[in-house]
Amino acid sequence: MDSTQKLNFLIENPRLDVELKNIAQKVLNNERITFDEGVTLYQKGELSYLGVLANYIREQKHGDVTYFNRNFHIEPTNVCVYDCKFCSYSRLIKERDQGWEMDVDGMMDIVKKYDGEPVTEVHITGGVVPKQNLAFYAEFFQRCKAHRPDLHIKGLTPVEYYYIFKKAKLSHYDGMKYLQECGLDSMPGGGAEIFHPEIREKIAHDKCTAEQWLDIHEQAHKLGMHTNATMLYGHIEEFWHRVDHMERLRDLQDKTGGFQTFIPLKFRNKENQMENVPEVSVIEDLRNYAIARIYMDNFPHIKAYWAMISRDTAQMSLSFGVDDIDGTLDDTTKIYSMAGAEEQNPAMSTQQLVELIRKVGRHPIERDTLYNVVTDYKDVVFEDAGASKKYYALPVVN
Ligand code: SF4
C-alpha cells in the first residue's frame with residue numbers, strides 16, 4: 001500500500017475516533033488543521049495514526065527524498081551572560097575559566113582546516129559574551145567570505161543578535177542588513193525554546209522574548225535571507241504550549257515565507273539545572289515529529305538532528321514526517337554531547353549518512369543550505385569502505 005492508500009484505509013476505519021477521522025480527512029484534502037486540532041493530535045493521536053498522516057504529507061512534498069549536507073560547526077564560546085535552566089553547554093561569566101572564548105583568528109583557523117574539502121556550510125552557534133560583539137562578527141564574516149566565498153555562513157540566532165544589536169544601538173533590520181553585507185547568508189533556528197511566557201519565564205527568563213526572536217527572523221526574511229526555527233520540547237511544557245509555539249511560527253511563515261525548516265529539539269537532562277525533569281520517550285519524539293509535519297503545513301522541511309536523537313531514532317523519524325537529518329558535523333559541536341546525547345563525538349562520513357538513509361528505503365540527496373541539490377546519491381555506488389572513507393571523510397578538527 002502506498003501512503004495515500006494507507007491514509008484512505010485509516011479514514012475508512014469505523015472504529016476511528018470522530019475527531020481524529022476529521023483531521024485525517026483534512027490532511028487528505030490538503031486543508032490546514034486548527035490550534036484545537038493540534039492539541040487533539042497530542043492528546044489522542046497514537047503513534048501509528050500520526051505516522052500515517054505525517055508520512056502521507058512527507059511523501060506528497062518530497063517523495064522518498066531525504067536530505068543531508070556536509071558542514072562543520074564553529075562554537076566561538078561556551079561562556080554566556082544568560083542562564084537558561086536547560087542549558088548543559090554554557091558557563092556563566094563568573095565561571096569563564098571553565099569555558100572557552102575564541103578570537104577571530106582562532107575561528108579562521110577552523111575555517112582553513114577545511115580548505116579543499118567539499119563542505120558547503122559553516123554553522124556558527126554558541127554563548128553570548130560582551131567581547132564577541134558586532135565588530136567581532138562583522139570581521140569574522142568578512143574574513144571568512146574573503147577566504148572562501150563559496151562557503152555558506154549560517155550564523156548565530158536572535159539570542160546573540162538581540163544582545164549585539166542592543167549594545168550597538170542598531171535596529172534589528174539595520175543590524176541584520178549590516179551583517180548580511182559583511183557575508184552572513186542565513187540564520188539557524190536556535191534560541192526559540194518555547195515561546196509562551198508561562199514557560200519561557202521559567203526556563204529562559206533573561207534572554208530575548210518570543211516577540212524579539214520572531215521579529216529578528218522577520219527582518220532577516222525582509223532582507224531575502226532564509227532561516228530555520230526550532231522548538232525545545234519534552235520538559236515542563238504542556239501540549240498546548242507546543243501548539244502555541246508552532247502556531248506563532250506558522251503565522252510568521254504565512255506573512256514572510258522565509259523559513260525553510262522546522263527542527264524539534266529534544267530536551268536532555270544531563271548537567272543542567274533541570275536534571276530532575278525526566279526526558280520523554282522515543283515514542284514521544286516520533287509523535288512530536290509527526291505532529292510538527294502535520295501542523296506546519298507551510299514549512300517545506302522537518303529536520304531531525306541525528307547527533308541529538310541517535311542514528312536509530314533518526315532513521316525511524318524518516319517515517320514520521322522528517323525529510324532532513326542534517327550534516328556530517330565532523331565532531332565539531334559539543335552542544336548535544338554535553339547535554340547527554342547518545343552521540344558523544346558526532347561525525348559521520350558521507351558514505352555513512354547515505355547508507356543510513358538507504359537502509360530505510362529512502363533516497364539520499366546531499367543539499368546545500370538552501371536545499372539546492374549538490375549530489376543525488378540514488379544510484380551512486382561507493383568503492384570499498386576504506387577507499388571511499390579516504391575520499392569522503394572530513395578531517396577531524398582538534
Ligand atoms: S541556551 Fe544559549 S543563551 Fe541560554 S545559557 Fe545556553 S548558551 Fe546561553
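**The nonpolar core and its setting**

Reply: The protein chain in this predicted model has 16 helices and twelve strands. Its C-alpha trace spans about 65 × 55 × 40 Å along the principal axes. For 398 residues, a compact globule would have a radius of gyration near 21 Å, and the protein chain agrees, since its value is 21 Å. Of the 398 residues, 47% are buried. Counting contacts between residues at least 6 apart in sequence, 78% join residues that are at least 24 apart.

An unreviewed UniProt entry gives the feature "domain: Radical SAM core" at residues 66-300. That span is 42% helix and 15% strand, and the C-alpha atoms at its ends lie 13 Å apart.

Now the core itself. The largest nonpolar core holds 99 residues, and those touching the most other members are Leu53, Ala290 and Ile294. This core lies between domain 1 (3-62) and domain 2 (65-392), because both domains give residues to it.

Ile294 shows the packing residue by residue. Apart from neighbours within four places in sequence, Ile294 is in contact with Val27, Ile33, Leu41, Leu53, Ala54 and Ile57. One of these partners, Leu53, is also among the residues that touch the most other members of the core.

How values were computed:
Residues are numbered from 1 along each chain as its sequence is written. This is a predicted model: local features need pLDDT of at least 70, side-chain atom pairs count only at pLDDT 80 or more; totals for chains, interfaces and linings use all residues. Helices (H or I, at least four residues) and strands (E, at least two) are DSSP runs, numbered from the N terminus. The radius of gyration is taken over C-alpha atoms; the globule rule is 2.2 Å times the number of residues to the power 0.38. A residue is buried if 20 or more other C-beta atoms lie within 10 Å of its own, exposed if 12 or fewer, and partly exposed in between; C-beta atoms are placed from the backbone. Two residues are in contact if their C-beta atoms, placed from the backbone, lie within 7 Å. UniProt positions are given in the numbering used here, feature names are shortened, and annotations may be inferred rather than shown by experiment. A nonpolar core is a set of buried Ala, Val, Leu, Ile, Met, Phe, Trp, Tyr and Cys residues joined through C-beta atoms within 7 Å. Domain bounds come from an automatic or database domain assignment.
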